[in-house]
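Subject: Structure handover

Hello,

Here is the structure I promised to pass on. Please open it alongside this email, and then read my notes below.

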Amino acid sequence: MEYYARSPWATVWTLNVDDTFESAHTAVAKETSRQVQVLNWDDSFRQGRSLNVVHLHGVVDTEDPRKLVFSLSEYAVSAASRAAWPVNFHDSYGNSPFVILGARLRDEPDIESVVSRRHPTHAAPSFYVARTISRAMHADLTRWGLIPVEMTAEDFVLEWGELTGLDLEHDLGAELELGIRIGQQFTELKSTSSPVPAGHDFLGGDEPHWTDIQNGLAAELEWVTKATLDCNQIGRSLQKSTVIAYTGRRLTGRSTGLLQLGEHLRKASWRTFRFRHEGRIDVEALLAFAADGKALALLFDGAADIADDLDRLATEARLSGASVACVVVDDSARESNILGRISGSNLAHARVAGINGRLSRTDAARLVDTLERVGRLGILEGRPDPARLAHFKGHDLFDAMAQLENAPGFGRRVEHLVQELKDTQALRATLVASYASLVNRRLLVIDASRMIGINSDELVRRIQDDPRLASLVSTDGTDVRTRHRWLALQPTVERMGIDSAAEMLRNAVRSVSSRLNQKSLRERNPTALLVGSFMSHRNLNEAFPGADLDSWYTSLVDVFGSWSARYWEQRAILARRNSRSDANLLAKAESFSLRATELVADTYSFTTLGTVLLEKASRVPFDVHTYYERGLSAFERAASLDASSSNVVTWIAFLRYATKVLERISSDHSKGVGAPDLEDLWGTVRGDWRRTYAQLALLGTASDHVKRDLQKLRQDFESLPLPPDPDDGSSPDSAGG
């Protein structure tokens, strides 16, 4: 058992009620080993960095009795319960390679029903190991897609060590164990890689592949050149642990540029890894792995959700003298989250840099040169150089490339491909995958299959065997991705109808709810992040314009209402937004936001409460002072709950909504309403506004995007018509702005 405990399993599923595996793991574990998380079959879903040991029939490891499964009636109860772990086993089997040791299967109806019906779709083999295997059992196993291995578990584990290249009779060694832990979250970029998927066409609009960069298919845009210089400066610096962050709009070449920077760092002798969006970063493993002098470069395509982990990693790496460079690209809309979580001392040049939304002349020239070299100028072939440059200069990269011939990935033909889909399941798969691409979240096969209502192995086969669906969606057996980013979303919604599409998405969210709880949110695992983005009112508005989102959220109250603060926040934000046409909705918004703070008292929930209360202060005809004071208190509470952050998001929200309060006071003053009380409040709010603005304006890490937001807020503030109190002679500029 100790040999088995040394093997780096993804998950251990056991039918035993004892703690044999856990004891063996404790006996061989070292400081670098993963911790074990013991789970009963009816426990809530957890998926962090620990090794999950799931007892599908229960475990007797605590003084309090657990629910065990022995009798046929108990099998029936567990099957009918729809508990998270039996369902997760059902979803995982067939899409991941398994080693089944000693389980008789015939005596375990819940397990046999999965193994006999879910034939593996992955390339790696799955094994069934038993001391003796009858001829009939051998035939069944072969039919089920398993390789029968007739030997003892002890003999097999030695063979297993040879198959995996691991010496399981001895300690694996700290460096190997650390490498395995890092490999769970990161993929190392090397000079050789897996082949490009069939039909992949980067210049035709498909998302970039590592091989595209190695083959020189990507032109180096100006922002990449600047970021390369940042990387070079890190290499020459004595302090080699920092975060290089660039943000820009969608379709500005962020992902491609990130891979180009990875290639540059790899050639500069950094071991370069790309993050796979697997929850919270394993900071301890990275620091230990870099402790012997390795220079690690970590690439993150989207990092706002784990920016606090990056800040901790950079800080501790500096203190230990390690070399860990983090290179981040993200959407400019999430820039404030990065600034609020990563200290200026840990950011290269103490700032987040921007990616141009329009192509410069230099960008245009480099694009033309690259396309000419690889023979993909299309309609620009034969045109003079000025005309070629004019096609790109000052234009959006995506739109300019879409006008070249043979560019289906940029939107051409996508609507026709959607119309060619023949059944509802294919439409649902396209909808879910396209929406996941729109919100820039990872979509696991096991989540996608549950969302559209088929088994995960069946979904993989559908994508592999249906050329119409495969023209829009691809899978590697673990993730589901779109071939054309989110461009199929709009035509799919139009074909299904907005209401039907929104209803389908609501049912999809409900179908994966058993994987969600407050623990999964803290772990930031892929399913939790996916559903959180799916439920964002901003994303829903973009994907399903005109849908009745209030009813959409209300129908999920039984799933999320008792525990999810984020659910109530989104309902509060929606009610606040819709209050523009119905002021009565502000009462609902206040109630929803208060519910969120009761469930989880954190920066997010109190920031939402603050915006709602200031919105009420700017709209209701009474208690303006009270609502303003309560709103300010909520913002202060939000900031205090995250003392390690600069709280950029929180305080920019305060400035925006405090300006609305001032606009209301100005309007009432012009009508002769409320003076002199409103004049006193004017001075109070104005003073709070100036003080907050001065603090943000001095923020050294503020990027161009945030500075533009602050400048616009200041312009709005200064344009208010009501003159200040005679004793108030200051202005944003004199306050440090």
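Where is Leu105 placed? Look in the loop between β4 (99-101) and α5 (109-115). Keep in mind that this is a predicted model.

Most residues other than glycine have a negative phi. Leu105 has a positive one, near 65 degrees, and is not a glycine. His349 is not a glycine either, yet its phi is positive, at about 60 degrees. You will find His349 in the loop between α14 (335-341) and β12 (353-354).

Are these residues buried or exposed? Buried means under 20% relative accessible area. Leu105 has 0% relative accessibility, so Leu105 counts as buried. His349 has a relative accessible area of 45%, so His349 is partly exposed. The cut-off for exposed is over 50%.

Next, go to Leu298. Leu298 sits in strand β10, which covers residues 295-301. Its relative accessibility is 0%, so Leu298 is buried.

Which residues does Leu298 touch, leaving out those up to four places away in sequence? Phe186, Phe273, Leu286 and Leu313 are among them. Val324, Ala325, Cys326 and Val327 also touch Leu298.

One distance is worth checking in your viewer. Leu298 and Phe275 are 23 residues apart along the chain. Their C-alpha atoms are separated by 7.0 Å.

Best wishes

Notes: Residues are numbered from 1 along each chain as its sequence is written. This is a predicted model: local features need pLDDT of at least 70, side-chain atom pairs count only at pLDDT 80 or more; totals for chains, interfaces and linings use all residues. Side-chain values use heavy atoms; hydrogens and water are left out. Helices (H or I, at least four residues) and strands (E, at least two) are DSSP runs, numbered from the N terminus. Buried means under 20% relative accessible area, exposed over 50%, partly exposed in between (1.4 Å probe, protein chains only). Contact means heavy atoms within 4.5 Å.
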